[in-house]
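Trainee: Could you show me how to read aromatic pairs and surface features in a model like this one? I would like the general idea first and then the case at hand.

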Amino acid sequence: MFKENLVAFETITRKEVNRFFRIWMQTILPSAITTTLYFIIFGRFIGSQVSDINGYTYMEFIVPGLIMMTVITNSFSNVVSSFFGTKFMKSIEEMIWSPTSNLTIIAGYVFGGVL
């Protein structure tokens, strides 16, 4: 049973990663534009008004947070939209009726979103 769940996990993960790169204009491009706008607005305009924070410039301070915010938000929204799409198309029912455990299905979607 473990081998079947591993194959299902790998298949769902691969499907999610392929879907992400197949529609890159909807997944990567908007987040890159939004992050760039955050860098311009917060980094240039607001950052020029803020003094150094413990020896770091405002831009050095805010860049890791903006990048992580973008990564976490997009991985969540991509997994949710994919999962909702399979529910809307009623193809999730095929996975639920298969001998694959629900935990394996959810883990495959989440791991695919994280990748």
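Mentor: Gladly! Buried means under 20% relative accessible area, exposed over 50%, and partly exposed in between (1.4 Å probe, protein chains only). This is a predicted model, where local features need pLDDT of at least 70, side-chain atom pairs count only at pLDDT 80 or more, and totals for chains, interfaces and linings use all residues. Residues are numbered from 1 along each chain as its sequence is written, and side-chain values use heavy atoms, with hydrogens and water left out.

Trainee: How many aromatic pairs does the structure hold?

Mentor: A pair of aromatic rings is described by the distance of the centres and the angle of the planes. Rings of Phe, Tyr and Trp (its six-membered ring) pair if their centres lie within 6.5 Å; planes under 30 degrees apart count as stacked, over 60 as edge-to-face and the rest as tilted. Here there are 4 aromatic pairs. In one of them, the ring centres of phenylalanine 9 and phenylalanine 111 are 5.5 Å apart and the planes are at 40 degrees, so the pair is tilted.

Trainee: Which helices hold phenylalanine 9 and phenylalanine 111?

Mentor: Phenylalanine 9 is in helix α1 (residues 2-22) and phenylalanine 111 in helix α6 (residues 102-114), so the pair links parts of the chain 102 residues apart. Helices (H or I, at least four residues) are DSSP runs, numbered from the N terminus. Phenylalanine 111 is partly exposed, at 39%.

Trainee: Are the rings of phenylalanine 84 and phenylalanine 88 stacked or tilted?

Mentor: Their centres are 6.3 Å apart and their planes at 25 degrees, so this pair is stacked. Both residues sit in helix α4 (residues 58-88), 4 residues apart, which means about one helical turn separates them. Phenylalanine 84 and phenylalanine 88 are both exposed.

Trainee: Is serine 31 buried or exposed?

Mentor: Serine 31, in helix α3, is buried, because its relative accessibility is 14%. Its side chain reaches the backbone oxygen of threonine 27 at 3.4 Å. Leaving aside residues up to four places away in sequence, serine 31 touches Thr70 and Asn74, where contact means heavy atoms within 4.5 Å.

Trainee: And where is phenylalanine 45?

Mentor: Phenylalanine 45 is also found in helix α3. At 56% relative accessibility, phenylalanine 45 counts as exposed.

Note on methods
Helices (H or I, at least four residues) and strands (E, at least two) are DSSP runs, numbered from the N terminus. A polar contact is a pair of N or O atoms within 3.5 Å; within protein, one must be able to donate a hydrogen and the other to accept it, and residues adjacent in sequence count only if both atoms are side-chain atoms.
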